Amino acid sequence: MNLPLIPAPATTATADETFVVGGTVGVVVQSPELAGPAARFIEDVRLDSDVVLSREATGITVLIDSTGLDEVAPAAGLRADNANADERYRLEITGEGVRVWGPTAEAVHRGLTSLRQLIAAHAQDGLAALPTARVVDGPRFAWRGLSMDVVRTFHAPDVVRRVIDMLSLYKLNVLHLHLTDDQGWRVEVPSRPMLTDVGAKGAIGDRPGGYYTQDELAELVAYAAERFVTVVPEIDMPGHTTAVFSAYPELAPAELRSVDLGNGTSIPLNTLDPERPEIWSFVEDVLDGVIPQFPQSAYVHIGGDEAWGMADEAHAAFVERTAALVRARGKRVVGWQEIARASISSDDVVQYWLEPRQLDSMDDDAVSSTLPPDLLPVLVEHMKKAEQDVPRALAHGSRLLLSPVSRLYFDSPHAAESSDPAQEELRKRVGLPFYTPISVRDGIDWNPTGITPGVDSDAQIVGVEAAIWCETITTPEELEFMLLPRLPGASEKGWSRTPTDWPDYASRLAPHSTTWRHRDWTWFQSSEIDWA
Ligand code: TNX
């Protein structure tokens, strides 16, 4: 029997007995550093299901211990917090009780997360009869995340907390916040107050703007850390900087240029100019203001993508100097794949997103006829250069964070119909129309080694990150509708080593909807799944 766990564990064995959790069962903490994770677990079980665990009771024992974990290999890749945190755990359910252990508090938290999923799947009238089982598990990759656009639509802190809850349920450990873009600036920089006083005002169209105060970010970072999620900040430069120019017009190029999209919007061609000294005092101020707000993150994401209208040499010069400033502050560099066109170092992480198949789609008349004539040559040139990004990154000795558009861009429309006709209007409206729609099955039918030409070994990969951009996403409900049920699939690709079998995955996923209902999360009821 396959346990309804996502991501699929490395090894499981089940037997025919059961152990009933709930009522008089509680958690015994044998190592003091597990008090937090144990309390977190009890609270999460209550929120996931109607199972309430007793205080001061026994039945579930948690401890720090590394016994019996060797049958699972350590994770490949890099961690966003650069900590030496082994996430391997062991979960044993016998007729007498449950034991969860691992070498670190994080490992035990991951094991308790598997237990949470089992309890929710078996919950009935306040009790869960768990099958006796042994799970020995650990992740394939150390970096498993979600990149979230909080610019095009500003998502308030309570919305971000709900997303962190989803990440935690699926053992994802990174929340990459895309904090700045053309339409807004969402993080305080004390020495540059206009960035938020002016730059945060808007979003896309007439959507409300906003930003996270330093206190709000500190709370979010702590909330994430309690769930073993690292928040990585992205400051997107040297393109995507229109909000900078509205806050500090003196940093803008003398002549502003853009490509008209003919639908009332345009793509700006204005970038930060590395030749100008005042640009560098600005970048230093930003790094000095932002970095202390993300103490857990060993990385700063410097963007680097789509610097439309910028000469290649200027882009490379900008990336190189920004990367040096990040390193000088004791942080590591991550950037979108375009940074590989600069001389980067082997410690820098390159985030892969542009797949060659998108270049093919530009040749497709149906796609190209939807684009304004001025834009097509810009895009085609960009995609041509993009084909060299991965080979360049590998030649620098850098490793890749995988976010292939065709699998992990969660702002792609849902491909299958909803089994709830009431969701069809939403399904047709949300998601960028020029992306190929993605089904739940597409989300799991791939392997991190094999999706990217030239990448065939885990040693070339730091991990896997899904991305959600919010041009078409305007509300928390629409956001959650695009995240679920896709996030579990992304998590399986980052964590599980064995290929995912579709019927098996579909049967493991179905019972998760009961947790989503209990949590009051909005989710897309794909007709591909026989939901519980
Ligand atoms: C490209 S992905 C972008 C974003 C858009 C996204 C839409 C990337 C690095 N840049 O600015 O929001 O496409 O999916």
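These notebook entries record what I looked up in a predicted model.

**Basis.** I number residues from 1 along each chain as its sequence is written. Local features need pLDDT of at least 70 and side-chain atom pairs count only at pLDDT 80 or more, while totals for chains, interfaces and linings use all residues, and side-chain values use heavy atoms, with hydrogens and water left out.

Asp305 has a side-chain N or O atom 2.9 Å from a ligand nitrogen. For Tyr435, I noted 2.6 Å between a side-chain N or O atom and a ligand oxygen. In Glu471, a polar side-chain atom is 2.5 Å from an oxygen of the ligand. On its own the ligand has 360 Å² of accessible area, of which the protein covers 95% (Shrake-Rupley method, 1.4 Å probe).

**Salt bridges.** I counted 38 salt bridges, each a side-chain nitrogen of Lys or Arg within 4 Å of a carboxyl oxygen of Asp or Glu. In general, side chains of opposite charge can pair when their charged atoms come close. I followed up the one between Arg519 and Asp44, with N to O at 2.9 Å. This pair joins distant parts of the chain, 475 residues apart: Arg519 belongs to helix 19 (residues 512-519) and Asp44 to helix 1 (residues 35-48). Helices (H or I, at least four residues) and strands (E, at least two) are DSSP runs numbered from the N terminus.

**Backbone.** I found a cis peptide bond from Met237 to Pro238, with omega near -5°. Pro238 sits in the loop between strand 12 (230-237) and helix 6 (242-247). The bond from Leu484 to Pro485 is also cis, with omega near 10°, and Pro485 lies in the loop between helix 16 (476-483) and helix 17 (486-495). Asn82 is not a glycine, yet its phi is positive, about 55°. I placed Asn82 in the loop between strand 3 (59-64) and strand 4 (89-93).

Definitions and conventions: Polar contact = N/O pair within 3.5 Å; in protein donor to acceptor, adjacent residues only side chain to side chain.
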